[in-house]
Amino acid sequence: REKKRHMGDTKHFCPVSLKENFVLYPGLYEHAAKYREKLYYFSTSEYRDKFLKNPEEYVAHNEPIQAPPLRVFLLGTHGAGKTTCARQIADKLGIFHIQFEEYLQELILPKTKEKVGPDFHEEPEEDDNKMPILSQELDDFSQTVSKIEAEKSKQEVELTDEEEAIKANLMVNEELPPEVLDNIVLDWWRKEPFRSTGFILDGFPRTLSEAQYLSERGLCPDVAVHIQVKESDVLDRLFPPRLKKWKERQYKKMENKKKLKDLKAKIRV
């Protein structure tokens with residue numbers, strides 16, 4: 001029966017969502033309205049009322065309404081291979097690849113100077129009570145200058161509230177507030193070059209609240225793909241590089257101990 005209806009320019013998609021958010025958002029039958037003998041469906045009653053106030057703003061005139069580009073969500077557990085797949089898909093389809101956590105890192109990297117989070121956290125070096133004494137005897141002045149410069153650098157780097165929220169998210173998975181997400185996510189739908197090219201978003205949304213945020217803002221993908229992998233596959237992929245990193249840290253500790261031993265011998269002489 002629906003196929004026989006004389007549908008509007010956007011078919012069963014909401015024309016207001018398409019016009020304002022450049023998103024194909026399916027309309028609902030209970031929010032339908034007729035204009036010039038054509039039936040339009042809307043995602044909300046508010047959008048229907050907005051359309052009826054000025055319908056000419058949302059209908060086609062000299063040419064068909066342009067459809068938005070492809071937007072893909074790629075989801076899955078850490079180590080599932082999302083980024084590898086996303087790069088290949090983006091290259092094949094000619095769309096942007098956005099790795100969400102990497103994007104967050106880039107936003108605060110100019111101030112933090114290094115990536116933050118559990119994957120980038122270095123274990124503290126083993127403390128040796130005699131090391132500071134020996135170091136002072138050899139190069140007291142140099143150490144003092146270094147400490148002053150380091151403290152001065154720390155004082156100069158002050159993160160904004162938004163940057164602090166991003167850092168907390170990367171460090172301890174603290175949820176990003178909607179106002180911070182607005183400054184990040186909305187641009188991918190509404191600003192160039194993403195608006196006209198499309199993208200594959202890798203690793204977002206990660207939580208129920210982030211999915212609800214997208215729904216409330218009327219931002220929906222054309223395709224959402226969830227990669228499922230066996231736990232053993234994730235371990236095989238993630239364990240070797242982490243073991244290598246651990247071995248490098250252990251080697252570094254051994255090297256430091258050797259330097260300390262040589263330093264003690266030098267002072268005795």
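Two strands are taken to pair if DSSP finds at least two bridges between them. Helices (H or I, at least four residues) and strands (E, at least two) are DSSP runs, numbered from the N terminus. The model is predicted: local features need pLDDT of at least 70, side-chain atom pairs count only at pLDDT 80 or more, and totals for chains, interfaces and linings use all residues. Residues are numbered from 1 along each chain as its sequence is written, and side-chain values use heavy atoms, with hydrogens and water left out.

Leu-74 has Val-225 of β6 as its bridge partner. Strand β3 (residues 71–76) pairs with β6 in the parallel sense, over five bridges. Both belong to an open sheet of four strands, ordered β4-β5-β3-β6, with parallel pairing. At its edges lie β4 (96–99) and β6 (223–227), each pairing on one side only.

Helix α4 lies across β4 and β5 and runs at about 75° to β4. Axes here are lines fitted to C-alpha atoms, for helices over the stretch in contact (heavy atoms within 4.5 Å), and angles run from 0 to 180 degrees between N-to-C directions.

A nonpolar core is a set of buried Ala, Val, Leu, Ile, Met, Phe, Trp, Tyr and Cys residues joined through side-chain atoms within 4.5 Å; buried means under 20% relative accessible area (1.4 Å probe, protein chains only). The largest such core has 26 residues, and Val-185, Trp-188 and Trp-189 have the most contacts inside it. Seven of its residues, the largest share, come from α7. A second, separate core of ten residues includes Phe-42, Phe-51, Tyr-58 and Val-59.

Conventions:
Buried < 20%, exposed > 50% of the residue type's maximum accessible area, 1.4 Å probe, protein only.
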